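Hi,

Here is the structure I promised to pass on.

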Amino acid sequence: MAPKTMKAIQIQQYNEPYHISEVPTPRPKPHQVCHTDPMALNNEVGCINFDSVCGTCTDCKAGLPIYCDAPLMKGITTDGAWAEYMAADARFLVKLPDEMEFKVAAPLMCAGISIYGGIVRADVRKGGSIGIAGIGGLGHLGAQIAKCMGYKVAAIDVKQSALDAVASYEHRPDALILATDPVEKSLDKINGMISSDYPGLDATVLATDHPAAFELAAALTRKHGTMVLLGQPEKGSTLPYQTVIYKDITLVGSLVADTVQAQELVELFHRNRLHVEITEWKIEDAEQMRQWYLSGTSGGKNVVVMGDNL
Ligand SMILES: [Zn+2]
C-alpha cells in the first residue's frame, strides 16, 4: 500500500526556486493504473508526458491524442511526475524491457520520443542522410537513433565538446559539423559522406532552441529536402527565403511521438544498447539541479531518482 502522503517537487511560480512539498499520494481514477498495484499491472512501465486528453476533440477522435486541443501535461498544466508516486493514464503507458533501468527509460519518455518522432517525420528513405542540429539532451539521443535507423548522420553543434561526446559512442555520427565553421567547409564534409544528386543533407532535425541553428540547418539541407522543427526559440526564428524557397525545402513541425512510436523507440534503444547521458539527482537537490540546468553547463538529461525502492 502506498502511504497517505509523499514528497513532490513543485513549481509554484515560473522562474522561482523549486519547492519540495509533502502532498497527498494520488489515487488512480478508473482509466489510471498504480505502479505499486501488482493486480493492475505486472510490468515495469514508462509514461509519456501526458496526464490525460479530452477524448472529444477532432484529433482525439482521429486517434491523434498528442494533438489534443485540451491536454493535461504532467508538470506543466497539471501536477505529476516529479513525485514519489504517480497515477498514470493507461493510454500513455509504454512497456519497458525487463533489464531497462528507470533512470535510462525516463529521458526517453519526453526527450527521446520528441527526437524520434522528429526523425520519423523527416520521412527520409533508408540509406539517406539526416543532420541533427543541436547535440544536447535530445540531439545526443537523436544522432544514435538515426544511425540505428540506417541513416547517414551528421551531428551539428556549436560546441566541439558535444561533438566529441557523440563521436565516442558506439553508434557514432558519420560527420561532425562545428556550427562556427564556414558553411562551404561543412557542406564539403557532408558531401564527402553521402552520394546524392544534390549537395547537402536529405533532412535536418532542429533539436535546439538557438535561432542561429535554423539558418545554418537551412543552408545544410539539400534542394527539395526537409527541415523538421522541434526546437522552440523563445522569440521565434527567421529563415532566409533564398534557401527555403529557392531550394524548395519542406518545413515540418513535430511535437512528440505517440505511444506506438514510444514503444518502437524503447525497443530500438534497448536492442542497440544506446547511450543516454544522465546526471542523477535526489529529490532534495531539485533546486540545485535547476541551477545546474540554468547554468547551461549540463549536457544530456537530468534525472531525479525517487527513493531506494525503484
Ligand atoms: Zn482532445
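Before the annotations, a word on how to read them: UniProt positions are in the numbering used here, feature names are shortened, and an annotation may be inferred rather than shown by experiment. Keep in mind too that this is a predicted model.

With that said, the unreviewed UniProt entry lists residues 50-98 as "domain: Alcohol dehydrogenase-like N-terminal". That span is 8% helix and 22% strand, with its end C-alpha atoms 23 Å apart. The unreviewed entry also has "domain: Alcohol dehydrogenase-like C-terminal", at residues 137-269. Here the chain is 41% helix and 22% strand, and 15 Å separates the end C-alpha atoms.

Which strands does β9 pair with? One is β10 (residues 152-157), which runs parallel to β9 and is joined to it by five bridges; I130 has V153 as its bridge partner there. To get from β9 to β10 the chain passes through helix α4 (residues 139-148), making a right-handed β-α-β crossover. Another is β12 (residues 201-206), also parallel to β9, with four bridges between them. In β12, V205 is the bridge partner of I132.

Cheers

Methods:
Residues are numbered from 1 along each chain as its sequence is written. This is a predicted model: local features need pLDDT of at least 70, side-chain atom pairs count only at pLDDT 80 or more; totals for chains, interfaces and linings use all residues. Helices (H or I, at least four residues) and strands (E, at least two) are DSSP runs, numbered from the N terminus. Two strands pair if DSSP finds at least two bridges between them. A crossover is right-handed if, with the strands pointing away from the viewer, the path from the first strand over the helix to the second runs clockwise.
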